[in-house]
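The exercises below are meant to be worked through with the coordinates open. Each task is followed by a solution that goes step by step.

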Amino acid sequence: MERRAVIAQPTTGTSADDALVSAARAGDRSAFGLLYDRYARMVHGILLCRVPPREVDDLVQEVFLLALRKLDSLRDISRFGAWLGTITRNRANDHYRRANRAEQPMEPAEEEKAQSRSNDHVAEQEAAMTLAVLRMLPETYREPLMLRLVEGMTGPEIAARMGLTHGSVRVNLHRGMQMLREKLAEKAAPCTERNASANKASGQNE
Amino acid sequence: MKDDYLWDGSGEPDPEVQKLENVLGRYRHDQPAPAPVVEQVFDQLAAEKPVRRRWSFFLSRLSFQLAAATAVVLIGITTFLVVRARRANDAGPAWEIARIEGAPRVGWHSLRGNSETAQLKVGQTLVTDNTSRASITLDETGTIEVDPASRLRVVASGLNRKRLSLERGTIHATIWAPPGEFVVDTPSAVAVDLGCVYTLHVDDSGTGLLRTTMGWVGFKLNGHESFIPAGAVCATRPKIGPGTPYFEDASASFRDALTKFDFAKITPQERNALLGILLVDARKEDALTLWHLLSRVSDAERPGVYDRLAVLAPPPKDVTREGILRLDQKMLDSWWNSFGYGDVYLWHMYERTWSEK
C-alpha cells in the first residue's frame, strides 16, 4: 500500500508541473518560483556531478534564468524536467570549457582534498573524498545517485523530475550503488593497510 | 525488496546508504530562488512584448466588423513583419573567429596576427589550409575548433537556429545552446546537437565520421536517423546517409561486419552472415547498435535482432515484442530512453522545428 502511494506521486506532481510551466510562461512569477523550488535540487545535483561545489550555487541560478528566457521555446511542457536537465548539463559543459580555457584547473577531487586539508576536518575530508569517488562513476549512475544521496530525492521523484521511467532509475540507482561501494572499498583498502601497519609498528615500539 | 530504502526511503534503512546520506548531505542544495534576478528577467521579458498586449486591448474595443477588417490588415502586416524578421534573424549574429595557427581565411581576408580576430557571417566560408587552424565562437551557442584543410560555411544564424555547413575537413564542437538549436550540414548527413561535445570529419568524397565525446548527437539524412552517445561513432556515405552507430571499443569483427552491413554491396547470403556476426559478437554496450538495427533490417530479420537485444538490454514494461516487430515508434522511443543516453523527445522536438535541408 505504502509503495503504491509513493509511486502515484509523480503523476500528480508532473501534471501540477505542467500547470506551473504554463503559468510561468504566461508571466506568473510565483509559478516560476514554485518550479524553482521543485527542480532546484535536480539542477543542483546535475551540476554537482560536473563542477566544483563552491561554484554550483551560482550556476543553479544561471540555469534557471536561462530556462526562464528560453521557456517559450519549450514545445512539450510535460518534458520540462528533461529539457531543464539538458540545459543544466550544457551549462556545466560550458563552465568546464571556459575554466579550461582560462586556466588549467586542479582536478576537482584534488581541489576539494586541498580545501579539506586546510580545514583540517576529518568529516569534511571524508565528504570530499566520497564526493570525488561518486563523480568517478559513469554518468548514467552518477546523476541518480547524486540526486538520491546528496539532494535527498527519492527514486520516484528523480524519475518524475528527469522524465525517466521508474525502472531505469531504479536499476541505475542499484547498479550505481554497487559500483560506488566497490570504489569506496578500493579507496579505503590502502588506508586500512597503512593504518594496520602503523598500528603494528607502534605496537612493536611499545 | 532489498534496495527499498535506496529507492524511496521505505523499508528497513540500509546503514551504508544512511551513512553516505549523512556524509554527503553537507553538499545539499539550500539556496532560495533568486527573487530579485527573476523579477528583473520577468520585467525584461514583459518589456519585450508590450506591442502584443496593447493591440489585444485595442482590438477588444472595436466592433466586430471593424475588428474583422483590422484583422485582415493586421495579418498582412504581421506576415510582412514575420518574413522580414525571419530574414533579419537569418542574417543574425556573427561568429567570432580566432586564429590558432597558420593563416585561416574568410574570403580574401587572411588572419595572420596572433591576436587577430574576425567575424564569420551568414553566407561566408572559413577556409583553413594544411597548416592553419582556427576557432569560431558564438555566445549562447558554443565554440568550434576548425582543423587544417577544412571549409566551414555559416548557413543560418537566427534566434534559436544556428546552422553551419562543413564542406570538407574536421571540426571539434562544444555546444551549450539548448538541444536541437545547432545543426551542421555535411554532404552525406545532417548533425544535430542534442547537448554535447563532438568531432565531425568530412573527406573530399563527402564521406563523414562523427565521434561524440560528451552528451549525444543526432545524425540524419533521407529518413535514416542515428543517435550517437558519448564514446560512440557513426560513419556516413554520400547518397546513403548515416550508418549504424557503434561504440569504439566494440570488437574488430563487430565493427568490420557493421561497416560492410551498412555500406558494402553484398549478396543476401553475405548480409545474413554479417547480421549473424553482429548478433553473436554484440556485448551489452552494443545494445546501442542493435536498437538502431531494429528499424534498418527487413521484417524477416527483425525478430532475431529483437531477441538478441532483449537479452542484452531487457525492454521496459511498456515495450512488447509484437510492438517492436511492427516498429511502434512509442515503444522504440521508450526502449531507447531506457538506455539512459538521452531523451528521444529532444530529437522529436528538433524534427518538428527544423527541416532536413
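**Exercise 1.** How many residues of chain A are in contact with chain B, and how many residues of chain B are in contact with chain A?

*Solution.* The model is a predicted one. Applying the contact criterion, C-beta atoms within 7 Å, one finds 58 residues of chain A in contact with 43 residues of chain B. The next step is to assign the chain A side to secondary structure: helix 1 (2-25), helix 2 (29-48), helix 3 (53-70) and helix 4 (80-102) are among the helices that each supply at least two residues to it, and helix 6 (122-135), helix 7 (139-150), helix 8 (155-162) and helix 9 (166-205) do likewise.

**Exercise 2.** Describe the overall make-up of chain B.

*Solution.* Chain B has 357 residues, of which 35% are buried, and its secondary structure consists of 12 helices and 16 strands.

**Exercise 3.** Which residues touch the most other members of the largest nonpolar core?

*Solution.* This core has 72 residues, and those with the most contacts to other members are B:Ala191, B:Leu200 and B:Val217. Strand 11 (residues 190-202) of chain B gives the most to the core, namely nine residues. Setting aside neighbours within four places in sequence, B:Val217 has contacts that include B:Ala191, B:Val192, B:Leu194, B:Leu210 and B:Ile228. A second, separate core of 55 residues includes A:Leu84, A:Leu131, A:Val150 and A:Ala160.

Note on methods: Residues numbered from 1 in each chain as written. Chains lettered and ligands numbered in written order. Predicted model: local features only at pLDDT ≥ 70, side-chain atom pairs only at ≥ 80, totals over all residues. Core = buried A, V, L, I, M, F, W, Y, C linked by C-beta atoms within 7 Å. Buried ≥ 20, exposed ≤ 12 C-beta atoms within 10 Å, placed from the backbone. Helix = DSSP H or I, 4+ residues; strand = E, 2+ residues; numbered from the N terminus. Contact = placed C-beta atoms within 7 Å.
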